[in-house]
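Open your viewer and get ready to select residues by number. We will go from stop to stop together.

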Amino acid sequence: MNILDVKNLTAGYGDFQALFGINLEIGQGETVAIIGSNGAGKSTFLKSVAGLLIEHSDDIVFKGENIGTLPAHKVVKRGIALVPEGRRLFPSLSVEENLLMGGYNKRKGPWNLERIYSLFPILKEKRRNPGTALSGGQQQMVAIGRGLMSNPDLLLCDEISLGLAPTTVKDIYDALPTIQKDGTAVLLVEQDINRALSVSDRIYCFQEGRVSLEGKPDAVSREEIKAAYFGM
Amino acid sequence: MEWVNTVVQGVLLGGLYAMFATGLSLMFGIMRLVNIAHGDFIILGAYLGLVVVTTLGLSPLLSLIIVLPVMFMIGYVLQRVLLNRTLGTDILPPLLVTFGLSIILQNILLEVFSADTQKLPAGELGLSSITVTGDLSIGVLPLITFLVSVAVIGGLQFLFYRTELGRAFRATSDDQETVRLMGVGNSHIFGLAMAIAMAVVAVAGIFLALKTNFDPTIGPARLLYGFEAVIIGGLGSLWGTLVGGIILGVAQAIGAQIDPGWQILAGHLVFLIILIFRPRGLFPRSVD
Amino acid sequence: MSAIEQMEKYSVARSTTASKGAAVVSAFILIVLISVPFWAARSDLRTVVEFAYYLSLAQMWNLLAGYAGLVSVGQQAFVGLGGYMLFVLAIYLNVPPIAAVFLSGGIVALIAIPTALTVFRLRGAYFAIGTWVVAEVFRLGFAQISVLGGGSGQSLPATIVREIGSGRSEREMIIYFTALFIAVLSVGIVYWLLRSKHGLALTAIRDSEPASGSLGVNMFKTKLSVYVLAAGVTGVVGGLIFLQKLRISPEAAFSVQDWTAAVIFIVVIGGIGTIEGPILGTLIYFVLRGLLADYGSVYMIVLGIVAVVVMLKAPQGVWGLLANKYNLYLFPLRRRLDRKNDLER
């Protein structure tokens, strides 16, 4: 059974429609990447699933339950965590407090402070610092750790490599196998196509609010991706 | 010696003003809400105390056992039912709705309790004082008021920085959207924030009613004192708020010493002077 | 096509059938109002004067809050100052009373400049409370001035009252026409301001402020001008109010309930950010007050509840509801009040 089933999702902001009938599914423990150019609707999609966006059709089924109408703070209790674009750390909270905020809902699971610190040791060193005093890569680690602290069954990651140096991106993606090991499904939005292809079981390409391509990384050709990405 | 006495009385008065201010500071800090009816809720607290004292025969301080939870609940319900609907990018709705509440509350109190002035019986507490030196004596009631105020601020400080709820409050203050991704429901958190602010208001109302005569119309002035203490102290700092309250209290005491008609005026003028020269207050939080 | 012809074409394009109809109706109403003193009872005359000054106060508050984004709860400062300036000018400087009413407005506008420079340091809701502090400073300050009667206030001496007009009915007629003039003036000023190039700038200010949170230099100047202008007109109205009352005291002059709360409720209920809203709101206010006259302070409670409900359920006000339903725009200016709710579902 799929952990997430999205059928014919439409969404938008006020008069502006951003998604036009998205179908997307994620299997148990699967890692799926969404690629697409700016404005293709990737972030809108993640926000809809996470419950941050109000104006969308309500056909999002998670673990057999329709969560389409649930607000964000209830969605996270069902087991979906979103690592938001731009990290969005709480500036007046320390690194450790940021992580603890992630565990606010007290869901049971494998993740706790100690495990986050062993996944990203640098954070233990800096745990008393304000979250915003860290480098971009370290901040991203806090954001991911904060998401994991809610012990999600599905982790949504929005552009976690954006604006980071290649070596830093590698450090962050090195954590992925550990996350997957517990059976956590991951949905990544990633601008770096090569990265997306190499880490995911399946990819979706969004273009102007629609799915333009879907498949396993080794089953889709470069040309297909190019066409789906740029709409040529 | 007379002046030392004046300053000491002013400092103690400042404790009460700090209590007026912490509720405002709390609401603004967590949900960017400025409650114009704040002063009228202080007076509501005073009247609730009066009702409890006269019907149950409890002593004024003990009346808090009932008044405090009642105000706490009023705060929570008010926020969930009414004020949450006003929050958003536009400042007009919360401002006008709470201003409306202020006028409604004042006039309801007027209808129910009439315009007669009331006072809670302070009894022995109101009369006794501690002699420090020959000329300087400190009233026990003002001293208790001040100490309670320090305890309230200390308690809130603990709540904010040492508890899980406080962490959620601070996170909400930072970023109302992201905090929802952590499983924090804004409506509930805002309700709790208002409830706690109202609990402080209850304490402030009882101590106000022990200290002075009150009637339904004196709420707005209390809003202004609290507001001035917040701005003098610098937004977002609870201990700064205490200092703000003390500065205001001392200014009023000195004003009153010069001419009784100048008490309140002196406080307002000191506030305006500080606003002109230190618009961000004396202890501003580094970033807004 | 000449430039003038083009301009004419423009103004025709801006007006609507409703607005042309409204112009005819307003002209008719104005003629009726001018004839009132010649046939109406003395109490009716007083009511129309009161209507005129509430309408003017409402237009000014609406100009501040509805257009310039300056939500003040301290307009009673300028009503009171205007009233006191009238007394000072008329009693101590021998200025003829009616001239003193208008001169008071000028003085109040001058006083509003340093006031603005102080309260403009506060943003949003804190600005609102700051304006209230200033009003309290004036109230407490005037209570200390013993030559003006201190806390208990004073009456306008009979000699000066006679300067308004020799007989009582003559005085009342003069005050009536002054009031009418001031009301038309205040509506006219707002209309003119919004039709001028400043109108668009004003609307832009209100809409952009929450996002930017800071004031650019031009915005600051525009806001300052609007604040001072509104204070001046409010001061004139204050002079008029206490010319009619013939007696002033700090409590009456700087009453937040009479000169600001009632005015805010009028504008909110009628429709904030429109010229028609305050007019309709003033009518509703007088009807409600008349109906509840026997129940003391209950009318303020009812008024407050109605205002709160309107703010929550129909923030565009009664006029906004009517205008949307019947597509009415009597004054061809459009302005929408947008509300966004950030909370979860």
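This is a predicted model: local features need pLDDT of at least 70, side-chain atom pairs count only at pLDDT 80 or more; totals for chains, interfaces and linings use all residues.

Residues are numbered from 1 along each chain as its sequence is written, chains are lettered from A and ligands numbered from 1 in the order in which they are written, and side-chain values use heavy atoms, with hydrogens and water left out.

**Stop 1: salt bridges**

Over all chains there are 20 salt bridges (a side-chain nitrogen of Lys or Arg within 4 Å of a carboxyl oxygen of Asp or Glu). Select Glu159(A) and Lys42(A), whose side chains meet in one of them, at 4.0 Å from N to O. This pair links distant parts of the chain, 117 residues apart: Glu159(A) is in the loop between E7 and H7, and Lys42(A) is in helix H1 (helices, H or I, are DSSP runs of at least four residues and strands, E, of at least two, numbered from the N terminus). Are these two buried or exposed? Glu159(A) counts as buried because its relative accessibility is 7%, and Lys42(A) is buried too, at 4% (buried means under 20% relative accessible area, exposed over 50%, partly exposed in between, with a 1.4 Å probe and protein chains only).

Now select Lys106(A) and Glu164(B), a salt bridge with its closest N and O atoms 2.6 Å apart. This one crosses between chains, from a loop of chain A to helix H7 of chain B. Lys106(A) is exposed, at 53%, whereas Glu164(B) is partly exposed, at 29%.

**Stop 2: a buried valine**

Move to Val263(C), in helix H12 of chain C. With 2% relative accessibility, Val263(C) counts as buried. Which residues does Val263(C) contact, leaving aside neighbours within four places in sequence? Show Tyr54(C), Leu57(C), Ala58(C) and Trp61(C) to see them (contact means heavy atoms within 4.5 Å).

**Stop 3: the surface of chain C**

Finally, select Phe28(C), in helix H2 of chain C. Phe28(C) is exposed, with a relative accessible area of 56%.
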